[in-house]
Amino acid sequence: MEQLEDIIKQVSTKNKRTLFTFLTGAGISSESGIPTYRGVDGIWIKGTKFHKPEEFGTFKYFKENPEEVWQYSLFRKKMFENAKPNASHYELVEIENILKDRFHLITQNIDNLHRLSGTERIFEIHGNNRQIKCSNGCREIINLPEEIKGKEIDEDLTEREIELLKCKSCGSWMRPNILWFDEYYDEQTNKKFSSLKIAKNSGILFILGTSGATNLPVTIAETTLKYGGTIVDINIEDNQFTALIKDKKNKIIIRKTSTEALKLIKEIIKHMHTIVKTPI
């Protein structure tokens, strides 16, 4: 891992505005018992009546079947509520505690585990499971009422829950504050411009547990490369990020679990923090 140590040292001694950025996806939560999305036992398979994700996970489908989508969303909420952060989440918290303002976490996950573990400098680019917004375009984003609990997949919504899931301004259905397949990234929900600004200023971008199946994460990696940063692809198998960086000089590919890799990264950063005259 000499190459990784060299890159971290180089970034450590650069301008303090040069960032260490971590981009995470569903793979980092798999040790917490949350299925990834597209595997045989993936979250899109469990509970969606075997719809293709690109059909079910859309605003169009929600408009036609709001109660069904909310049943699935509350089933997923219960799954998330029963999960706890794992070692990878806590390793990232320790790294943040060392790096302070030079640390940023961009996550595709909506499961709240990064926040629950204590990460503070976080950008949720696919939204989150905590909030809802009006499906008719009223701009306010609010927390999901505490009265609405997670459900089993075959549990119907109650009349009270349906009442709570209607917009107070216009009476339309509220919807989860997440990104669906037929929607575009924006700043309000998805932190599109904020995350790209972070990517531009990243001396190193660690990619953990995501295959690059959606376009903003890939654009984030492309932006870091464009401005001279190094990509570190940490996954258990090759993916779209691997293809993106295969001919690039400023890349490192690590085929370890997230936890194994993060422990190593933390120790290198901690060591650099103690020997570099200009603190990280």
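Reader: What is a salt bridge here?
Author: The model is predicted. Side chains of opposite charge can pair when their charged atoms come close. The term here covers a side-chain nitrogen of Lys or Arg and a carboxyl oxygen of Asp or Glu, within 4 Å.

Reader: Which residue meets Asp-238 in a salt bridge, and where is that residue?
Author: Asp-238 sits in the loop between β8 (230-234) and α10 (240-245). Its partner is 17 residues apart, in the loop between β9 (251-254) and α11 (258-275). The N to O distance is 2.9 Å, and the partner is Arg-255.

Reader: Is Asp-238 buried or exposed?
Author: Exposed means over 50% relative accessible area. Arg-255, at 32%, counts as partly exposed. Asp-238 has a value of 57%, so Asp-238 counts as exposed.

Reader: How many residues apart in sequence are the parts that Lys-78 and Glu-152 tie together?
Author: The two side chains meet in a salt bridge at 2.5 Å, N to O. Lys-78 lies in helix α4 (residues 66-81) and Glu-152 in the loop between β5 (141-143) and α7 (159-164), so the pair ties together parts whose separation in sequence is 74 residues.

Reader: What separates Glu-267 and Lys-270 along helix α11?
Author: Their side chains form a salt bridge with an N to O distance of 3.7 Å. Because the two are three residues apart in helix α11, the separation is about one helical turn.

Reader: How many salt bridges does a search of the whole structure find?
Author: Salt bridges that share partners join Glu-91, Glu-94, Lys-263 and Lys-266 into one network. Over the whole structure, the number of salt bridges found is 17.

Notes
Residues numbered from 1 in each chain as written. Predicted model: local features only at pLDDT ≥ 70, side-chain atom pairs only at ≥ 80, totals over all residues. Heavy atoms only, no water. Helix = DSSP H or I, 4+ residues; strand = E, 2+ residues; numbered from the N terminus. Buried < 20%, exposed > 50% of the residue type's maximum accessible area, 1.4 Å probe, protein only.
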